[in-house]
Amino acid sequence: MSFHDDEAVQFPSPPVLETMLTESEIQSLFSLINQSGDPASPSSGSQGSNRVVYSTEERKLRRMQSNRDSARRSRYRKKKHLENLRNQVNRLRIENRELKNRLAYTMHQHLLLSLQNDQLRSESVALLATLSDLYGILGTMLSQ
C-alpha cells in the first residue's frame with residue numbers, strides 16, 4: 001500500500017510517556033509515513049524493504065546511544081578483567097606464601113638432616129677407630 005498526497009493519513013500523536021519517544025521524534029516518524037516520494041525509492045516501500053529511514057538527528061541520537069552502550073560494555077569488560085586480575089594476584093600471593101613456607105620447612109629439614117648426618121659421620125669415625133683398636137688387640141692376642 002502506498003500513500004499519495006491526497007491520501008495523507010493523520011494520526012493523533014500518542015502521549016509521549018507511552019511511546020518512549022519525544023514529540024519531535026513522533027512528528028518525524030509521521031512525516032516519513034505521510035511523505036509522497038518517488039515510488040521506486042527505498043523508503044517508499046514499493047520494493048518490499050523493511051528499512052526504516054532515519055533523519056540526521058535520529059541517526060545522531062541512535063549513534064550516541066550505541067556509543068554509550070558500547071562504552072558501558074567496554075567499562076564492564078574492563079571491570080571484570082581487573083577483577084579477574086585482582087583474583088589472580090591474590091591466588092598467586094597465597095601460592096607464593098605457601099611455596100615460601102614449604103621452602104622454609106624444607107631448608108629447616110635439610111639443616112636438621114645435615115646436623116644428624118654430621119653426627120652420624122662423627123660416630124662412624126669413632127666406631128671405625130674403636131674397630132681398628134679392636135683389630136689391633138685381636139691381632140696382638142692371636143700372635144701370642
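The expected span of a helix is 1.5 Å times one less than its number of residues. In the predicted model described here, this rule can be applied to helix α2, which covers residues 23-34. Because each residue contributes 1.5 Å, the 12 residues of helix α2 should span 16 Å.

The protein as a whole comprises 3 helices and 0 strands, and its elements follow the pattern α-α-α along the sequence. Of the 144 residues in the protein, 4% are buried. The accessible surface amounts to about 13,000 Å², and carbon and sulfur atoms account for 58% of this area. When contacts between residues at least 6 apart in sequence are considered, 34% of them join residues at least 24 apart.

The confidence of the prediction was examined next. The mean pLDDT of the protein is 82, and 74% of the residues score at least 70. Among the elements, helix α1 (residues 16-19) has the lowest mean pLDDT, at 50, whereas α3 has the highest, at 96. Over residues 37-46 the pLDDT is below 50; beyond near neighbours in sequence, this stretch has 9 contacts in the model. Where pLDDT is low, predicted coordinates should not be read in detail.

The structure holds 2 salt bridges. One of them joins Asp 69 and Arg 72, whose closest N and O atoms lie 2.8 Å apart. These two residues are separated by about one helical turn, because Asp 69 and Arg 72 are 3 residues apart in helix α3 (residues 56-143). With a relative accessibility of 25%, Asp 69 counts as partly exposed, since this class lies between the limits of 20% for buried and 50% for exposed residues. Arg 72 is likewise partly exposed, with a relative accessibility of 45%.

A salt bridge is also formed between Lys 80 and Glu 83, with the closest N and O atoms 4.0 Å apart. Lys 80 and Glu 83 are 3 residues apart in helix α3, and therefore about one helical turn separates them. Both partners fall into the partly exposed class: the relative accessibility of Lys 80 is 34%, and that of Glu 83 is 35%.

A nonpolar patch was identified on the surface of the protein. The patch is formed by Leu 128, Leu 131, Leu 134, Tyr 135, Ile 137, Leu 138, Met 141 and Leu 142. Together, these residues present about 870 Å² of accessible area. Leu 134, one of the residues of the patch, is located in helix α3.

Definitions and conventions:
Residues numbered from 1 in each chain as written. Predicted model: local features only at pLDDT ≥ 70, side-chain atom pairs only at ≥ 80, totals over all residues. Heavy atoms only, no water. Salt bridge = Lys/Arg side-chain N within 4 Å of Asp/Glu carboxyl O. Helix = DSSP H or I, 4+ residues; strand = E, 2+ residues; numbered from the N terminus. Buried < 20%, exposed > 50% of the residue type's maximum accessible area, 1.4 Å probe, protein only. Patch = residues over 30% accessible without salt bridge, like charges linked within 9 Å, V, L, I, M, F, W, Y side chains within 5 Å. Areas by Shrake-Rupley, 256 points an atom, 1.4 Å probe, with all protein chains shown as cover. Contact = heavy atoms within 4.5 Å. pLDDT = per-residue confidence, 0-100.
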